[in-house]
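Trainee: I would like to learn how to read the features of a model one by one. Could we take the structure below and go through it together, with the general idea before each case?

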Amino acid sequence: MKIKILSFFILLTTAAFAQDKDPVFKKRVLESTEVDFLTSYYDQNGSRSAVSGGVGSEKLTDVASNIVVAMPLNDDDVLTIDLGISAYSSASSSNINPFNSTGASAGGGGDDDDRVAGGKVVALGPSGTPWQASSGASRSDQLVSVVANYGHSSDSRNFIWNTDVSFSNEYDYTSVGFGGGIAGLFNEKNTELSLKVNAYLDQWRPIYPTELHEYSKYGSNFLNQGYFNGVTVLDQNGQSTANYLPSAFQTINAVNRNSFSASIGFSQVLSKKLQVSVFFDVLQQQGLLSSPYHRIYLADKANFYIGQAQYINNYESTSNAGVYKLADDIERLPDSRFKLPIGARLNYYINEHFLLRTYYRFYSDNWNIQSHTATIELPVKLSDKFTVFPMYRYYTQIASKYYAPYETHLSTEKFYTSDADLATFDANQYGFGINYTDIFTASKVWKFGLKNIDFRFNHYERSDNLKANIATIGFKFVMQ
């Protein structure tokens with residue numbers, strides 16, 4: 001594979017430079033600095049939380065904003081900086097510690113609502129439920145990211161290369177990335193070949209479900225120490241017990257996750273109205289590919305709970321308002337994953353008012369997931385400045401061989417997950433957008449002229465009852 005990619009690179013570079021000898025006219029790649037302000041709002045709800053082992057609320061809201069600044073350094077070179085921040089609130093991830101809101105222990109930290117009696121801290125009978133958010137620290141988080149991209153175009157504009165570096169950080173995860181690409185245009189710019197490569201070197205700071213964290217800290221006597229000191233554990237019959245011992249759980253040693261990708265693309269203008277493009281990606285991931293805070297409940301292990309015994313029998317129902325099941329282990333997945341997406345786009349100019357855009361992708365990996373994605377979009381030009389575009393997307397997926405629903409996995413298995421994102425499902429997405437374009441940038445904000453406003457809204461529904469909405473709006477300004 002490396003030899004083929006190298007040969008492709010040499011062929012593309014040689015052919016591109018061969019066309020670059022006698023440029024007739026040289027226009028700046030980017031005339032002036034452009035600034036994009038992008039913001040989005042996302043909300044979802046479902047009933048198969050991976051944090052709660054495949055059952056429970058998946059309610060989540062996320063607000064994200066980006067500022068993208070593209071600066072021409074000279075006629076041929078452009079530097080682009082993308083700064084982003086995302087803040088979310090999640091009922092699902094809050095239940096990494098589902099007992100926090102009720103003060104589950106002595107010595108558990110300042111977040112607990114403990115009561116002092118006779119000089120001792122006494123727990124007030126903690127409870128939790130996978131169907132409601134806890135007030136623990138993991139209920140919200142922020143993601144900060146920055147990407148810098150440097151691009152250079154040849155004098156004839158028939159050969160382009162770029163390189164980029166990136167950094168992102170959130171509470172339990174840090175990512176550093178770098179990459180680059182080349183593109184060659186041929187046949188009077190009607191044909192384009194491109195190659196992109198990227199690498200991401202990431203590191204987890206593992207967070208474990210509360211009960212497993214305490215077990216790893218204190219060992220087999222953990223129910224009498226730390227967070228769970230004085231807390232009553234219940235069996236399936238609602239009786240007090242000291243038999244809960246998640247011996248299947250072991251802490252994670254390797255915390256790195258490395259991802260490498262290469263993408264080859266081909267685009268061809270077939271006629272004045274028709275353009276087609278295809279791409280072929282190869283992706284390899286290595287390291288910690290599971291999420292340390294995803295619980296697993298094993299079918300051949302006894303059940304144990306904390307909370308109010310009357311809710312045990314309807315634990316999987318939204319009417320469960322006061323009991324939470326203690327985990328047997330965390331999600332375990334292989335430390336290697338190979339992904340292979342192949343896709344195509346076809347754009348057809350119908351007339352001056354209508355444009356048809358289509359997209360298809362087939363995906364396969366060595367975890368036995370296979371999926372198909374099909375998208376259709378029909379931009380309608382209402383005037384010189386306004387365009388509306390309805391869209392539809394269909395997705396279908398076959399489950400990973402490591403997936404099984406809530407409380408189905410067995411302790412004899414080496415790998416297991418109850419994350420519904422790795423299950424079999426179908427999904428439909430409906431949306432529309434409105435675009436405003438003013439090439440003369442008549443409206444101005446300080447030294448910037450408003451060039452474009454783009455608004456989009458999409459509604460997403462999955463066959464496992466996960467539903468989501470996302471709204472995005474972007475403003476493009478040009479420095480004048």
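This is a predicted model: local features need pLDDT of at least 70, side-chain atom pairs count only at pLDDT 80 or more; totals for chains, interfaces and linings use all residues.

Trainee: How many salt bridges does a search of the whole structure find?

Mentor: The search finds 15. One of them joins the side chains of Arg-295 and Glu-211, with N and O 2.9 Å apart. That pair links distant parts of the chain, since Arg-295 belongs to strand 12 and Glu-211 to helix 3, 84 residues apart.

Trainee: Are Arg-295 and Glu-211 buried or exposed?

Mentor: Both Arg-295 and Glu-211 are buried. The next case to set beside that pair is the salt bridge between Lys-325 and Glu-407, whose closest N and O atoms are 2.8 Å apart. Because Lys-325 lies in strand 14 and Glu-407 in the loop between strand 21 (391-398) and strand 22 (425-437), the pair ties together parts that are 82 residues apart in sequence.

Trainee: Why does Lys-325 count as buried, and why does Glu-407 count as partly exposed?

Mentor: The general idea is that a residue is called buried when its relative accessible area is under 20%, and exposed when that area is over 50%, with partly exposed in between. Lys-325 counts as buried because its relative accessibility is 1%, whereas Glu-407, at 24%, counts as partly exposed.

Trainee: Which residue forms a salt bridge with Arg-357?

Mentor: Its partner is Glu-377, and the closest N and O atoms of the two are 2.9 Å apart. This pair connects strand 17 (residues 355-365), which holds Arg-357, with strand 18 (residues 370-377), which holds Glu-377, over 20 residues of sequence. Arg-357 is partly exposed because its relative accessible area is 34%, while Glu-377, with 11%, is buried.

Trainee: How should I read a helix, and which residues of helix 3 are buried?

Mentor: An α-helix has 3.6 residues a turn, so residues three or four places apart point the same way. In helix 3 (residues 210-218), the buried residues are Thr-210, Glu-211, Leu-212, Glu-214 and Tyr-215. Their cover includes strand 12 (295-296), strand 14 (323-325) and strand 15 (329-330). Just after the helix, Gly-219 takes a positive phi of about 80°.

Trainee: Which residues of the largest nonpolar core touch the most other members?

Mentor: Of the 34 residues in that core, they are Phe-99, Phe-228, Val-233, Tyr-244, Ile-306, Tyr-315 and Leu-326. At least two residues of this core come from each of helix 3, strand 13 (305-307) and strand 14.

Trainee: How should I read a sheet, and in which sense do strand 1 and strand 2 run?

Mentor: In a regular strand the side chains alternate between the two faces of the sheet. Strand 1 (residues 34-45) and strand 2 (residues 60-72) run antiparallel and are joined by eleven bridges, with Ser-40 standing opposite Ala-64 of strand 2. Strand 2 also pairs with strand 3 (residues 77-90) in the antiparallel sense, over 13 bridges. Asn-66 stands opposite Gly-84 of strand 3, and a hairpin of four residues joins strand 2 to strand 3.

Trainee: Which residues make the nonpolar surface patch of about 460 Å²?

Mentor: The patch is made by Phe-37, Ile-67, Leu-83, Val-146, Phe-167 and Val-176. Val-146 is found in strand 6 (residues 140-153), and counts as partly exposed because its relative accessibility is 31%.

Trainee: Finally, what does Ala-471 touch, not counting residues up to four places away in sequence?

Mentor: Ala-471, whose place is in strand 25 (residues 467-479), touches Thr-39, Ser-40, Tyr-41, Phe-455, Arg-456 and Phe-457. For Phe-455, the two C-alpha atoms are 7.5 Å apart in space, although the residues are 16 apart in sequence. Ala-471 is partly exposed, because its relative accessible area is 23%.

Conventions
Residues are numbered from 1 along each chain as its sequence is written. Side-chain values use heavy atoms; hydrogens and water are left out. Buried means under 20% relative accessible area, exposed over 50%, partly exposed in between (1.4 Å probe, protein chains only). Contact means heavy atoms within 4.5 Å. Two strands pair if DSSP finds at least two bridges between them. Patches are made of residues with over 30% relative accessible area and no salt bridge: like charges are joined within 9 Å, nonpolar side chains (Val, Leu, Ile, Met, Phe, Trp, Tyr) within 5 Å. Accessible areas come from the Shrake-Rupley method with a 1.4 Å probe; for residues, only the protein chains shown count as cover. A salt bridge is a side-chain nitrogen of Lys or Arg within 4 Å of a carboxyl oxygen of Asp or Glu. A nonpolar core is a set of buried Ala, Val, Leu, Ile, Met, Phe, Trp, Tyr and Cys residues joined through side-chain atoms within 4.5 Å.
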